[in-house]
Amino acid sequence: MKKKILAVILSIFAAVLLVGAFAGCSDDTQATDAGTSTTASVTLNKKYIEVYDISEPESEQTYFIFTSDDTGLYHYFNSVEYPSGGGTVNSYSVHFRYKIVGEKLFCFYDSAEYDPAHNGDDVRTDWSWEFEIYCDDFLMQRSWGSSGDNIYYYFNEDYLKNEIPNFGK
């Protein structure tokens with residue numbers, strides 16, 4: 001009898017631990033910070049840095065920041081030097097509005113600011129992005145092109161620092 005009671009208690013304890021382990025990315029905990037009634041969210045006022053720019057200086061990173069009032073900022077940097085001399089620098093910030101629907105994040109152009117180094121094309125006013133959100137540690141974007149399905153990640157700066165500090169270095 002004591003063994004059965006102990007087995008039940010251990011089973012309950014194990015179940016509670018499993019639920020706690022997976023709570024970080026559960027739908028219920030994601031809905032609290034986004035300001036909308038959805039099943040997913042983003043961490044507010046933190047950078048989501050593009051995977052290939054993690055080791056770059058901050059001014060040369062591409063990243064998203066989401067604010068508490070359903071707006072955000074996207075910073076983009078790309079520099080190309082031509083073999084014949086000169087080059088193009090695209091360095092700007094886009095202010096955007098966003099909405100989370102289910103596990104999808106949609107961002108839409110509001111305005112743009114250009115950095116002093118910018119000498120490239122202007123940002124299109126129909127600028128938009130779509131992400132998949134499974135937890136607030138990173139965003140995932142899929143794009144389909146001639147080479148197939150491409151996946152891009154934008155990592156939350158706290159997640160990079162605390163959970164995967166050697167990633168991208």
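The model is predicted.

**Overall make-up**

The protein has 169 residues, of which 31% are buried. Its secondary structure consists of three helices and eight strands. Along the sequence these elements follow the pattern α-α-β-β-β-β-β-β-β-β-α. Among contacts between residues at least 6 apart in sequence, 43% join residues at least 24 apart.

**Strand pairing**

Strand 5 takes part in both of the pairings listed here.

| Strand pair | Direction | Bridges |
|---|---|---|
| strand 4 (residues 87-101) and strand 5 (residues 104-114) | antiparallel | 10 bridges |
| strand 5 and strand 6 (residues 128-135) | antiparallel | five bridges |

How many residues lie between the strands in the hairpin of strand 4 and strand 5? There are two residues between them, and Gly 102 in this hairpin takes a positive phi near 65 degrees. Val 101 stands opposite Lys 104, a residue of strand 5.

Which residue in strand 6 does Cys 107 stand opposite? The residue facing Cys 107 is Trp 129. Strand 5 and strand 6, which run antiparallel, are joined by five bridges, whereas 10 bridges join strand 4 to strand 5.

Definitions and conventions:
Residues numbered from 1 in each chain as written. Predicted model: local features only at pLDDT ≥ 70, side-chain atom pairs only at ≥ 80, totals over all residues. Heavy atoms only, no water. Pairing = 2+ DSSP bridges. Helix = DSSP H or I, 4+ residues; strand = E, 2+ residues; numbered from the N terminus. Buried < 20%, exposed > 50% of the residue type's maximum accessible area, 1.4 Å probe, protein only. Contact = heavy atoms within 4.5 Å.
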